[in-house]
Amino acid sequence: MNRKLYLSALACLTLAACASAAITSQPWTDSSSTAPWTAQPASTRTVGLGIGGSVLADGVTFAGGVQLLTPTLSPLRSLSDLKLVGADGFVTVSDAGDLILGQIKLDDGGKLIGLDQFRSRRLSLTDGSPITEKVDGDAEGLAVLPNGEVLVSFERDHRIWNYGPLDAPRLPVSAPRPVWPFNENGGMEALAARDNIQWRVAGEDGGTWDCTRVTCTLVQLPPAEPLKDSQYRITGIDRDPSGDGYWVVQRSYAPPLDARARVRHMAEDGTLGPVMVELKLPGTTDNFEGIAATKRGGKTRLYILSDDNENPLQRTLMLAFDISR
């Protein structure tokens, strides 16, 4: 076993020892819903940031974390993005083509302690048939417009589709997307709504665009050479609830298990600010691909979500951070 693999394995064992016991999530039982959702079983256990590895900037505090535990072949795997809906609700999408809803559980102090009420539905093609092939269903980005309409960006077959409101889904219709020759697995990884007619797109290999219902405009040109896996690449974006710019999560990965993450603010012109959260071994880290932002108690509350790639060596984690700014 090489040194890096040894340290990674040691970190996993340490984190497992520190994690809490699993708690079964409260099931979704809303029989009044007319939308085609299917309840999904799951459980969670709380996790911390571990010992070492994490670096939080001044004004940033950790506000709890959980690991999602699911049965084998559950649709609650490979989760690729995250947005908030309603009162402590969230929506996420998987790179297998599933849309998932759930509820965030907070303690009396507002700390993240669990996730429950999971339900899912399969995304469809334009003819109404469910997505069955990876090339059609590699969903990576997710945006919820203020009017409730859901936008999903896909890799491989690069496109953005509008599925209508969450509570009244319809057949998808195409939405404008950047005219750019994205690599097969390096496309529109990050998607965020600005308002009902505008959204921002960030490419995993670099580049940022602002889109409307008519066209997309370049904000920052992708680099001449696509970013490498070992470099920090934007994998999730959400609008700053203050209305000033965006929040992004970046990921870097070097085999076999060196996954790192950073959280930064993005200005309107696409410029990235200082690192506010940094996660790396030997602390809690994974393949973080989703971010959601809201206001809570006068602070900015950020949630980040990891994609386990259906890999037994990875985990689905949601971590919360509060930022005073």
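Guide: Two strands count as paired if DSSP finds at least two bridges between them. The model discussed here is a predicted one.

Visitor: With that in mind, which residue is the bridge partner of Val263 in strand 21?

Guide: The partner of Val263 is Val277. Strand 21 covers residues 272-279, and five bridges connect strand 20 with strand 21 in the antiparallel sense.

Visitor: What is the order of strands in the open sheet?

Guide: The order is 4-21-20-19-18, five strands with antiparallel pairing. Strand 4 (55-56) and strand 18 are the edge strands, each of them pairing on one side only.

Visitor: And strand 19, how many bridges join it to strand 20?

Guide: Nine bridges join these two antiparallel strands, with strand 20 spanning residues 258-266. One of the facing pairs sets Val248 opposite Arg264 in strand 20.

Visitor: What about the other neighbour, strand 18: over how many bridges does it pair with strand 19?

Guide: Strand 18 (residues 233-239) pairs with strand 19 over six bridges, in the antiparallel sense. There, Ile234 has Gln250 of strand 19 as its bridge partner.

Visitor: How many residues of strand 19 are buried?

Guide: Seven of the nine residues in strand 19 (residues 246-254) are buried, so the strand is mostly covered.

Visitor: Now the turns. How many residues lie between the strands in the hairpin of strand 18 and strand 19?

Guide: Six residues lie between them, and in this hairpin Gly243 takes a positive phi near 85°. The hairpin of strand 19 and strand 20 has three residues between its strands. Pro256 is located in the loop between strand 19 and strand 20, and the peptide bond from Pro255 to Pro256 is cis, with omega near 5°.

Visitor: Where is Pro282, and is the peptide bond from Leu281 cis or trans?

Guide: Pro282 is placed in the loop between strand 21 and strand 22 (288-296). The bond from Leu281 to Pro282 is cis, with omega near 10°.

Visitor: Turning to backbone angles, what is the phi of Asn309?

Guide: Asn309 has a phi near 55°, which is positive although the residue is not glycine. Glu310 likewise is not a glycine and has a positive phi of about 55°. Asn309 lies in the loop between strand 23 (299-306) and strand 24, and Glu310 is placed in the loop between strand 23 and strand 24.

Visitor: Is Leu317 buried or exposed?

Guide: Leu317, found in strand 24 (residues 316-323), counts as buried because its relative accessibility is 0%. Beyond its sequence neighbours within four places, Leu317 contacts residues including Val47, Val66, Phe288 and Ile304. Thr44 is 273 residues away along the chain, with its C-alpha atom 9.4 Å from that of Leu317.

Visitor: Last topic, the surface. Which residues form the nonpolar patch?

Guide: Trp180, Leu218 and Leu221 form it, with about 290 Å² of accessible area together. Trp180 belongs to the loop between strand 13 (173-175) and strand 14 (188-195), and is partly exposed at a relative accessible area of 33%.

Terms used: Residues numbered from 1 in each chain as written. Predicted model: local features only at pLDDT ≥ 70, side-chain atom pairs only at ≥ 80, totals over all residues. Heavy atoms only, no water. Helix = DSSP H or I, 4+ residues; strand = E, 2+ residues; numbered from the N terminus. Buried < 20%, exposed > 50% of the residue type's maximum accessible area, 1.4 Å probe, protein only. Contact = heavy atoms within 4.5 Å. Patch = residues over 30% accessible without salt bridge, like charges linked within 9 Å, V, L, I, M, F, W, Y side chains within 5 Å. Areas by Shrake-Rupley, 256 points an atom, 1.4 Å probe, with all protein chains shown as cover. Salt bridge = Lys/Arg side-chain N within 4 Å of Asp/Glu carboxyl O.
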